[in-house]
Structures are given as C-alpha cells and as structure tokens.
2 protein chains.
Amino acid sequence: MTTESTLALARFVAYTKPHEMTERVRREAKRAILNWLGCAIGASHHDTVERAIAALAPFAGPPQATVLGRHERFDIFHAALLNGMTSHTFDFDDTHLRTIIHPTGPVASALLALAEHTPVSGDAFIHAFVLGTEVECRIGNAVYPSHYDVGWHITGTAGVFGAAAAVGRLLGLTEQQLVWALGIAATQASGLREMFGSMCKPLHVGLAARNGLQAALLAKQDFTSAAQPIEGRRGFANVLATERDLSKITDRLGETWELEANSYKPFACGVVVHPAIDGCLQLRTEEGLAAASIEVIELRVHPLVLELTGKKAPRTGLEGKFSVYHSAAVAIIDGAAGPAQYSDAHVADPAVIALRDRVRATVDPALSEDAAHIRIRLSDGRIHERFVAHALGSIENPMSDGDLEAKFRGLCAPILSEDATQAIIAACRRFDTSTDAGALARLTVSQHRTADATAARA
Amino acid sequence: MTTESTLALARFVAYTKPHEMTERVRREAKRAILNWLGCAIGASHHDTVERAIAALAPFAGPPQATVLGRHERFDIFHAALLNGMTSHTFDFDDTHLRTIIHPTGPVASALLALAEHTPVSGDAFIHAFVLGTEVECRIGNAVYPSHYDVGWHITGTAGVFGAAAAVGRLLGLTEQQLVWALGIAATQASGLREMFGSMCKPLHVGLAARNGLQAALLAKQDFTSAAQPIEGRRGFANVLATERDLSKITDRLGETWELEANSYKPFACGVVVHPAIDGCLQLRTEEGLAAASIEVIELRVHPLVLELTGKKAPRTGLEGKFSVYHSAAVAIIDGAAGPAQYSDAHVADPAVIALRDRVRATVDPALSEDAAHIRIRLSDGRIHERFVAHALGSIENPMSDGDLEAKFRGLCAPILSEDATQAIIAACRRFDTSTDAGALARLTVSQHRTADATAARA
C-alpha cells in the first residue's frame, strides 16, 4: 500500500463518480465555498493584495478571471494566486481540525479561476472541489504533526496537491497525467511557518492555488515528473516530514470524506478565544447588556487562552487577535468579533480600552479547549453567568447555514451592496444546479467606490 | 553572527560597489553567461520546453522578454521560467563544485528577462549577477551536504535566493526590502531530487528564476516577509537541512567570490566520464584514429565511473549518459560528446554500437576522480596510450575561453546561423561595455525554419 500512495490518489481523482459523494459532503462543499468567498471579498482591498497587484499586474496575462471583490481581471494564474491570498488574509477561512489545514483556499481559488476560462457546471465544480480537498487533507493527515512541527505551513504544502488534483479532474487528466500533476505539485510544496505574522502567510495559499493549477495544466501536455512523488525515497513525505503514515492516504479512500470534518470560524481570531467571545455575545443579546453598566467581566478559560492570547494592552489590530481581553470587550460593545473589531483603530478606541481594562481572566485546567465560563457583574450588583460547553464553530456546535450567511454578509458589507451580497448567497445555495460555475466569480465584482474600498482596508 | 545571516546578505547586496569585484570574477561572470546562453539556445526546441509553452502560453502576459533561441516573447515571469528550464535541460550548464549548484541558470534567467523590460547596462547586469550567485552559493555552502542528502535539488532551493538578490540589486531595493525579498524567496525554496530523470529537474531551475524575480518585485512594493527567513527557528536553514553552518554565509563576505570556483562541462554527461572522453578525444585528434581500425579500447577509471556509468547497452539518449562505453565510442567516432551524441538515434546507431562493444573498462582505485588511463589497440597491432591527470573542465584544467566558445558554437549549430552565433559570442566578450544588456537576448532569436528546429529536438 505504502508504495502506491500517488497512484492510488491519481486513480481516486480520475475515476470517482459524482454520485459516490455523500449528500453531507456535497452540502459541506457549498458551505465551504460561501465561507471562502466571504473571506476573499472581505480582504479584497487589504494592503496585502494592493501591494501584490502593484508588483505583479504589469506582467499579467489576458483578463481571463476575476479578482474576487474587485474590478481587475487577470490571467487565471494571477487570479488564482490573488484569490487564494485574500481568502487567507484575515485568517478567517475554514479549518480541517485534524491537520489545521485551511482546505478551501488553495483548491477553490484554482478551480474558480479555471472555471471562468473553461466553463464548467456547478456540479462538476463541486465534485472536483471535494476530490481536491480530499487529496489535500489526506496528504496532510499522512504527515501531520511532524511536518508542521518541523516548520512547514501545511496549508501551503498540502494545498498545492489539492489544487492540482481538483484542476486535474476538471481537465480530464488520465491516471498517468494525474501522477505527473501530483509530482509537479510535490516538487513545489513550500511555505515556512517562519513567515507567520507577515504577508507571506496568506501568500502561501495563493501560491499553492497557482502552482497546483499550473501543475495540472503542465501534466495535461505530458510534462513528466516522478512515478512516486509522494512516497518515493526522495519524495514529499520523506523529505518534508520526520514521521509519516502513508496508510492515512489510502485507508477507506472514496468511502470517507475529510470535508465532513471541516470547521468554520465565527470570529476573526484564533479559535482558543472563541468560547469566551461566544459566551459574551450570548449574555449581551439575552440580557441586553451595555458596556457602561458593567463593573467587571470575569472569564474562566482553558490554560492555552492565556498562553496564546494573554496580551492585556494590545496596540495593533493584529495584537488584538492575541488578546482575550480585547476580544471580550468588543463582543460586548459591538456584538461582533469580525475583521472590523480587529482593526488598528478599534484596538485604540478609548471605549474599548475602558471595558477591556475591566476584563479579568483566570485559568481553569479542568475546562476543555472549546469551553469557557463567563461571569459579568453590573454596577447595580446584578450578576449574569454563562457556561459555554462547546463554542460556536466547534465540531460539536457547528455554525449553521444561517450563521455562515450572517458571517458572509458581515464580510461583504464594506465591499458590496446588500443586493449583491444576497445574490451571491442565493447563487451559492443553488450552485450545484448552475450551468456556469465561473459566473459566481463575476457576481463578486465590487460595486462600491474607491473611497469605500479604501476605508475597508483598515 | 549566526543570528544575522539574512541581514548580512541584504547589506552585501545593497551596498557592495562594482569596483569591489575582482577582475577574475568579472571575467568568470562573462564566461558563465556565454555558457548559460549556449545551453539555453541548444535546448530551446526540446520537448520539455515545447510542452511547457503549450501549457502556459494561453495565460502569459505581454511580449516583454525573449525565449532564448525561439521566436516567442512572453511576460518576464514566463521568459525567466522557460529560459531557466532550457538552460538546464541538457544538464550541460555550469557547476559550483563545492555544492553541485548550477549557479547561473536561476540568476541569469531572472536578470535577463528583467533587463529586456527595464533596460540596464551590461556592467550593472554583471555586478548584479555576481552578487546573486554569491548569495546563492553561500546559502548552499551553509546547508550542503545535509540539505542535498535529505533530498533537495539544491539548484532549485538555493537558486531562488540568488535570483531574488540579483534582481533586488537591479531594482535598487533597500536593505529592509532585500530582507523581505530573501524571505519571499526562502518560503518558496523547493525542488525534490525524486524528480531527477524527469522534466521537473530543469523545471526547478526555471521556477527558481521566476520565483526569485517575483520575490524581488513584491518586496519593492513593501510586501513583507520574516525578519530572519534564513536563520530563524522556522526558517530555511533549520527546516530544509539537518545540519548547517551559517558562518559560511558571512565569513569573508565581499572578500571572496564563489564564482571563481565555478566550472563548465565540456561534455554533455556526468563529470565522472569526462576523463575517459577527454583521453579518447586527444588520441583521436593526435593519432588520426578511425573506428574501423580499432580492435579494442581499454579504459582504467575511478571506481565511481562504473558505479554510476557502467551501462553496457544503453537504449536511450538519457541512458547513453550513464554509459562510459557509449561515451568513449562517440568520442572516437564523432570527435565530440555533446547533446547530439546523447540522442536516442545516436545511441541506436549500429556504427556506435559496434565500437561501443569493443570498449573495456576496469576500475583503478588509485586514480583520482578527474583522471583516467586510455589504451587503444589497433587491428594492425599498434598501441596508443594516454594518461589524463585532470580532465578538461576540472578546477585544475579549466575550459579555456576558446573551449567555451567552441562548446557554444556546437550548442547553437542546430538552431542559429554561424553569423548569428558569432554575433552572440562577440556580444558576450564586450558585454561589460554594453549599454543595453537585454539586447543580448534578442540576438538569440532563432533564424532557422521549423523543420530544422524539429530536427534539433531529438
């Protein structure tokens, strides 16, 4: 078995029939695509993409594909790169919890760019997407955690395989060509964790999308690579990981679907803070709390929360993501913890700082990672408490379709009109019946003016 | 020192003055560029590049830069990729013997593409080239051999830094921007040895050129990466090597030049066979030998020769490169061992096979790797012997300028007219006085017809 990982994946991609997917994975694919689109649109005018476009646009090809949320159209390689990048810029995209791969970015960004150039049905798109994320996550399963511990950003390194596999399916590659495509992907697998905190982190996702797309197109022209690029002696699994279990690539392949274990972030920060935010939001809504009436917010949290997000006085939006104090405060004040709540301006807002300074947090090792206890004492002496056993977005308490649509609307608000936003939600709901999957991209073209877009960059 | 590798390289690239180069390294740069051009032109119609162009051309940008030896012009990214690839397709390019990096391909391919778009003097080009190869080879020195032993194709992984540094210099990047450029390069460093024997091996060189070029252009727009991408805990040297010596990056930086230890292959096969070929060629020329008069060719060679190239009956051109028997036979018959001598047709030629079968080889552990003894017995009983102490192309017996020009003419013969070939040689000789370095690329545009080009693919 272990000598045939690549060939097994190639056959899986080449021969799996659409009806072999479960209804659940098909539904999860549509949810993943909506969530991905929202993240990409939301970050579509961020400095990261502005700088990348300034650098790359003078050399780009024909206007074949959309940069989501913007007016520019570029060749499919640049569109895939830019959309992969924006979809991860807010670190708000989906997470395959077994490997912490963000599975949709590399795969959907490559597929949608191709679909704009080579029309394809929504159903075929979804099928290719499911196969691509399956390849990506299974390769991730085989090398996680040693691969990540060594220092690889696994979304970049596993993502390029997913993009190559998905595009390879849409292009109708043969078994041999799919082996070559996975090999051309393997030999470009890259992305260092050293880059976390810089613009290169989202770039990794864009590169995975573009490089996987190119790998499949090269393989279609019989551009050759190795026979065992994943499992070979000098192949991906041996060179980029200190331990590996290749049976995780092939065991029950075609019977189980990794996308069914995909998760979505309701809040634009690390998942460890989510239980505390969730509890604050619940109390705010149910008790009609206002910041001015609050004397103190007492949090009991898992030890990791203070280890990772114990910053008491964050100075920038990015630092705010590493502050459970800031996060609890904005949840109460704004009733939200989206990208807007982690802007530089918001972190410096005196009202936010005033409440943040009244948040206390203590560690409780008995709590699970997705649990938290919140106790809010008001100036008038009243006390409100809430125990969150499983935060929204966890496997036990997944975001509903309604939650995901609300998140999508929040992400699109600074970029698109409400009508345009609603049209995309509707198109995603019926995406499997679409005769032209690429049309989805063109629905996202920004209708706002430059001034609004500039404001949205913060 | 070890905590500042990246910053030291950035300062070296930003502040070194042209007059700080030695005359010797400046001369070696011109030799390296001529040799690189010849390899790229020679392979300019190989199946590898034909397939890559078929896959990528529909998505390429404006015709900004030349594909060496061809009529097509593409955006600078695709030109850099394709030229890097063709320059390594024959495995006939230069070698930095300390690391077995092929240093010129990634750096010159990126620089020349940019120079066609943003005019620059030959002198500035040479300076940037020397700085880029220095960065590339020093990073290689720091991680070799463990990095290579793990399974990385070091020309791909180190090459991307060289391309980024060289282009960064031409773009006038600041110290901070150069750190970012090296980081954007680091996080794309890739290329697996598993790919050897496939089209991906030369692709690695093209990817290094393109990705390094893009890294520098992104950094110019302040696209950020890490502060210590090479030496950081999750950086290049720790993640991609099991042992490293970062002092090799900084020791005597700016005082010694790695390009002075560069070497060139006179023959289109692995260096271990070169002493035997060299001796056969010498005897052929000096004694006027003809294959028909030869009864037996007896070779005494270093043990590695039979270990690596002991194939007695090669069936393809590629297998011919791994046959000391075929190599000795073509040296006698053709008086050459260039790409033409390693075509499928040549390996199957009955006259070649007839002589090949009269070659005997025995191992002599007392010989050095660049030595061989050749004894040829003729049908009339006469015996000719030759001991090669240092094969042509070794450090002790480098190819002369005349040798390099003859090699260049041989590589260009199937593609360009003699006049065009001579014009390129002349332009390279006076390259440091050129006011427009990019003009060199346009001199290589194929003047032959399709039929000739097709014949040259073999």
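This is a predicted model: local features need pLDDT of at least 70, side-chain atom pairs count only at pLDDT 80 or more; totals for chains, interfaces and linings use all residues.
The same surface serves both copies, as 100% of the contact residues of chain A recur in chain B.

The contact between the chains draws 47 residues from chain A and 47 residues from chain B. On the side of chain A that touches chain B, two or more residues are given by each of α3 (47-56), α4 (76-89), α9 (175-186), α10 (200-220) and α11 (236-239) of chain A. Of these elements, α10(A) gives the most, with six residues. By residue class, the side of chain A that touches chain B comprises 24 nonpolar, 16 polar and seven charged residues.

Chain A itself is divided into domain 1, spanning 2-263, and domain 2, spanning 271-388. The centres of these two domains of chain A, taken over C-alpha atoms, are separated by 35 Å.

In soluble globular proteins, nonpolar side chains tend to be buried together. In the present model, the largest nonpolar core contains 308 residues, and those with the most contacts inside it are A:L111 and B:L111. When neighbours within four places in sequence are left aside, A:L111 is in contact with A:F125, A:A128 and A:F129, as well as with A:A166, A:V167 and A:L170.

Key:
Residues are numbered from 1 along each chain as its sequence is written. Chains are lettered from A and ligands numbered from 1 in the order in which they are written. A nonpolar core is a set of buried Ala, Val, Leu, Ile, Met, Phe, Trp, Tyr and Cys residues joined through C-beta atoms within 7 Å. A residue is buried if 20 or more other C-beta atoms lie within 10 Å of its own, exposed if 12 or fewer, and partly exposed in between; C-beta atoms are placed from the backbone. Two residues are in contact if their C-beta atoms, placed from the backbone, lie within 7 Å. Helices (H or I, at least four residues) and strands (E, at least two) are DSSP runs, numbered from the N terminus. Ala, Val, Leu, Ile, Met, Phe, Trp, Tyr, Cys and Pro count as nonpolar, Asp, Glu, Lys and Arg as charged, and the others, Gly among them, as polar. Domain bounds come from an automatic or database domain assignment.
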